[in-house]
Amino acid sequence: MNITPLNKVLETLIGNIPDAMRLSSRFCDKAGTLDFLAPLLIRLYLAPVFWMAGTKKFASFSDTAEWFGNAEWGLGLPAPYVLVFLVALFELVGALCLLFGFATRPICLPLMVIMAVAAVTAHLQNGWLAIATGSGIFATDRTVGAIERLERAKEILQAQGDYEWITENGALAILNNGIEFAATYFVMLLALFFLGGGRFVSADYWLRRHYGIE
């Protein structure tokens with residue numbers, strides 16, 4: 001088998017790598033004029049997440065505090081009422097700061113701490129997955145068992161209930177409550193900590209311009 005033509009193709013492709021990299025770099029540099037979109041969209045994604053989390057904690061303050069403090073069926077954390085108040089307050093203030101791009105980088109720090117503590121205390125024992133699945137690299141005996149029970153539940157509902165009505169607005173699923181969401185929010189906050197609120201569409205940007213802060 002003559003592999004000379006293949007070798008020539010490979011040599012041509014390899015030889016063109018520097019030109020392709022330069023072209024890609026120029027294209028990405030021009031796209032850099034829109035770099036404010038990334039932090040803006042991350043902020044707008046996270047703001048309602050933390051707003052809902054904070055308002056929910058204040059709405060069910062006593063129940064949440066009991067869950068925080070109870071070592072048998074909760075998290076077993078010290079000073080639960082103080083912790084719930086501080087966490088909910090930081091989540092609400094953080095949501096507003098992210099929405100307007102004000103003090104974006106500083107507010108990411110306590111929010112990252114909240115996500116890290118939540119991941120370790122409330123979600124880590126459940127593995128990675130937020131929603132249970134029976135296959136894939138993150139599936140565990142827990143999620144496989146959950147899917148087996150979900151399939152059985154579907155069979156019961158299909159046989160004895162109005163399954164089409166039950167699933168009309170969405171498919172049935174089992175919450176695994178793993179660290180997936182907490183880890184994702186942590187990574188997004190970490191990105192904002194380094195990127196800041198972004199140009200043009202954040203209060204931080206205009207305040208820095210107003211006060212001449214580089």
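**Helix packing and salt bridges**

The axes of helix α3 (residues 37-59) and helix α5 (residues 80-100) come within 8 Å and cross at roughly 150°. That makes α3 roughly antiparallel to α5 (an angle over 145 degrees). This is a predicted model: local features need pLDDT of at least 70, side-chain atom pairs count only at pLDDT 80 or more, and totals for chains, interfaces and linings use all residues. Residues are numbered from 1 along each chain as its sequence is written, and side-chain values use heavy atoms, without hydrogens and water.

**The α3–α5 contact**
- The crossing of α3 and α5 is left-handed.
- Contact means heavy atoms within 4.5 Å. Residues of α3 that make it include F50, W51 and F58. Among those of α5 are F85, L92 and F100.
- The residues of this contact divide into 18 nonpolar, two polar and three charged.

- The whole structure holds four salt bridges (a side-chain nitrogen of Lys or Arg within 4 Å of a carboxyl oxygen of Asp or Glu).
- E91 and K57 form one, at 3.2 Å from N to O. E91 sits in α5 and K57 in α3, 34 residues apart.
- E91 is buried (under 20% relative accessible area) at 3%. K57 is buried too, at 16%.

- K154 pairs with E151, with the closest N and O atoms 3.9 Å apart. Both lie in helix α7 (residues 141-160), three residues apart, about one turn of the helix.
- R152 and E155 meet in a salt bridge at 3.4 Å, N to O. E155 is partly exposed at 45%.

Key: Axes fitted to C-alpha atoms, helices over the stretch in contact; angles between N-to-C directions. Helix = DSSP H or I, 4+ residues; strand = E, 2+ residues; numbered from the N terminus. Parallel < 35°, antiparallel > 145°, perpendicular 65-115°, else oblique. Left-handed = near helix turned anticlockwise from the far one by under 90°. Nonpolar A, V, L, I, M, F, W, Y, C, P; charged D, E, K, R; others polar. Buried < 20%, exposed > 50% of the residue type's maximum accessible area, 1.4 Å probe, protein only.
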